[in-house]
Structure formats: structure tokens, C-alpha cells
Amino acid sequence: MVSISRINLPTVDSTNSFVRAMLQEEGTGRVVSADPLPGFTLVVADDQTKGRGQQGNAWETEKGKNLTFSLLCHPDFLPASRQWLLSQCMAVAIQQTISRYVEGVEVKWPNDIYVGDEKISGTLIECDLQGKRVSNCIMGVGININQTVFRSDAPNPTSLKLLTGREHDREEILSLLLNHFQHYYTQLQEGHEEAIRQLYMQYLYRREGFHRYRDVRGEFMAELADVEQTGHLRLRFADGNVVRYELKEVQFVKD
């Protein structure tokens, strides 16, 4: 297992922004800590005031109730064209962690975690490239653990407490998640990319049947055809035509 250096913060605007600032400090040559930015650096916040999600969305979290953290790694073994595999590793790790407590946990493309039609976790991944390799990867994760009231306009949030009716130990869940992620990260280092991809596809939300989506042309029905190694989503229409989408080009619409 790769060693993890942990930083605990009572309050921060965004753990991803905090890690980004650390990287910028390291780049200046100034000392960040006694052991700056080792194999993995974990930044955990008890309160995140300006959490960021995909597509510029905010992430709502109640102080002391949930898991909000960023994990920094340096996967320089990974070609830039394969950085999507890091997203798959984290998505599978979160899916398997939450499945320890509830059933019906799925990965909504690209890496949100759903239980049924409700969102319990989101991940924002930011990679830096050096030449043709990934030099740094910051994975910001939010998981709703013990929060029961959501005041933002997010349409479908849930939490482990809402789903199970009881409080959960955040540290226990974080430890389990990190173990899962380190396992898949090691598999990635050893070249077992297809095994990770197969798990990701197995856990995909709406992986079977026709469902409602929306793009610039409006709403339509389609079925999931594939998720490419680049992370692009491929949807198949009833006439057999397959359309390829980037992250911001298509929306899931509730059936």
C-alpha cells in the first residue's frame, strides 16, 4: 500500500482548492510540511464552505455530518490519454464502500454515486499533465453520511442516515474507502485496466434499457451503449444510431 499523509482541517472553502494551493507552494520551493506531498496526500475537512462539483456545481454539506476530502496522488505511470481510469478507480471504490451499508448502489456517469434515483456522493477530479503523463491528480470527494436536511436546490440528495435510519462512523467509512481505492490504484499500476473497467460498467446506473436524456436538441430516449476509455459516453437510439457525448453535452432526465 502507498503511504498516506493526512491533513485535517476544521473549516476550508474547498479541499481541492487547498490541495491546489499546496502544489503551487511546492512549485515555489517553499517548504509545505515536514514531508511535503508524499505518495498520497489526504486532506479532510469537517466543514467545507465552497465545495465544488462537476460542471461548476456547488456541493452542499452540513458541518460535522459528512465526508468531504481530497486525495492527491502522482500517477506518473499513467499516460495522459488514460487519466479517465483514475475516475473509474475512485467511482468503483466509493460504490463498494457504500454497498457495505445499503443495497442498490450504482455509478451515474461519469462518477456520481446513486442509490436508486438519489445521489449520495459526487467526485471532482482534476489532473495535471507533464508531457504525455499524468503528474498530479486531485480527487475531491463528498459523501453524504449523517445529514438529513438538504437546503440547496439539488434535486435528489440522500444520505446513509436517511437510507438506513441510523448514524454512521465517518472515520470507519473513510478507512474502508481508502483501502478500496488503494487496491484499485495498485491494480492500475500493475496494468489491470480492463478488470477495473468491467467493474465500472457492471455498476453503471441505467446500464440496461431505454431511458430519458437531454442534449441541445431536446429530450430523447436512448440506451447506454458504452463508456469509452477516454470517458466519453455512447448512447444508442432506437434506430441503432450511436451518439458520443462529452461531460457537458448530455443530461440524465428522470424517467
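A polar contact is a pair of N or O atoms within 3.5 Å; within protein, one of the two must be able to donate a hydrogen and the other to accept it. The model described here is predicted. In it, a polar contact of 2.8 Å links the side chain of N136 to that of H74. The points below start with that residue and go on to the helices and loops.

**N136 in its strand**
- N136 belongs to strand β9, which covers residues 133-143.
- Its relative accessibility is 16%, so N136 counts as buried.
- Apart from neighbours within four places in sequence, N136 is in contact with L23, L72, C73, H74, P75, E126, C127 and D128.

**Helix α2 against helix α5**
- Two packed helices are described by the angle between their axes and the distance between the axes.
- Helix α2 spans residues 84-98 and helix α5 spans residues 193-202. Their packing angle is about 55°, and their axes are 9 Å apart.
- The crossing of α2 and α5 is left-handed.
- On the α2 side, the contact involves W84, L85, Q88, C89, A91, V92 and Q96. On the α5 side, they meet E193, I196, R197, L199 and Y200.
- By class, the residues of this contact of α2 with α5 are 8 nonpolar, 2 polar and 2 charged.

**Helix α2 against helix α4**
- α2 also packs with α4, at an angle of about 140° and with the axes 8 Å apart.
- The crossing of α2 and α4 is right-handed.
- From α2, the residues L85, L86, C89, M90, V92, A93, I94, Q96 and T97 take part. Their partners in α4 are I173, L176, L177, H180, F181, Y184, Y185 and L188.
- This contact of α2 with α4 holds 14 nonpolar residues, 3 polar residues and no charged residues.

**The buried residues of helix α5**
- Buried residues in α5 are E193, I196, R197, L199, Y200 and M201.
- These buried residues of α5 pack against α2, β6 (105-108), α4 (170-189) and β11 (218-227).
- R197, in helix α5, has a relative accessibility of 18% and so counts as buried.
- Leaving aside neighbours within four places in sequence, R197 is in contact with Q88, D226 and V227.

**The loop between α5 and β10**
- R206 is found in the loop between α5 and β10, the strand of residues 210-215.
- Phi of R206 is near 60°, a positive value in a residue other than glycine.
- R206 has a relative accessible area of 7% and is therefore buried.
- E208 is also placed in the loop between α5 and β10. At 64% relative accessibility, E208 counts as exposed.
- E208 and L224 are 16 residues apart along the chain, and their C-alpha atoms are separated by 6.9 Å.

**A cis peptide bond**
- The peptide bond from W109 to P110 is cis, and its omega is near 5°.
- P110 lies in the loop between β6 and β7, the latter covering residues 112-115.

Definitions and conventions
Residues are numbered from 1 along each chain as its sequence is written. This is a predicted model: local features need pLDDT of at least 70, side-chain atom pairs count only at pLDDT 80 or more; totals for chains, interfaces and linings use all residues. Side-chain values use heavy atoms; hydrogens and water are left out. Axes are lines fitted to C-alpha atoms, for helices over the stretch in contact, and angles run from 0 to 180 degrees between N-to-C directions. Helices (H or I, at least four residues) and strands (E, at least two) are DSSP runs, numbered from the N terminus. A crossing is left-handed if the near helix is turned anticlockwise from the far one by less than a right angle, and right-handed if clockwise. Contact means heavy atoms within 4.5 Å. Ala, Val, Leu, Ile, Met, Phe, Trp, Tyr, Cys and Pro count as nonpolar, Asp, Glu, Lys and Arg as charged, and the others, Gly among them, as polar. Buried means under 20% relative accessible area, exposed over 50%, partly exposed in between (1.4 Å probe, protein chains only).
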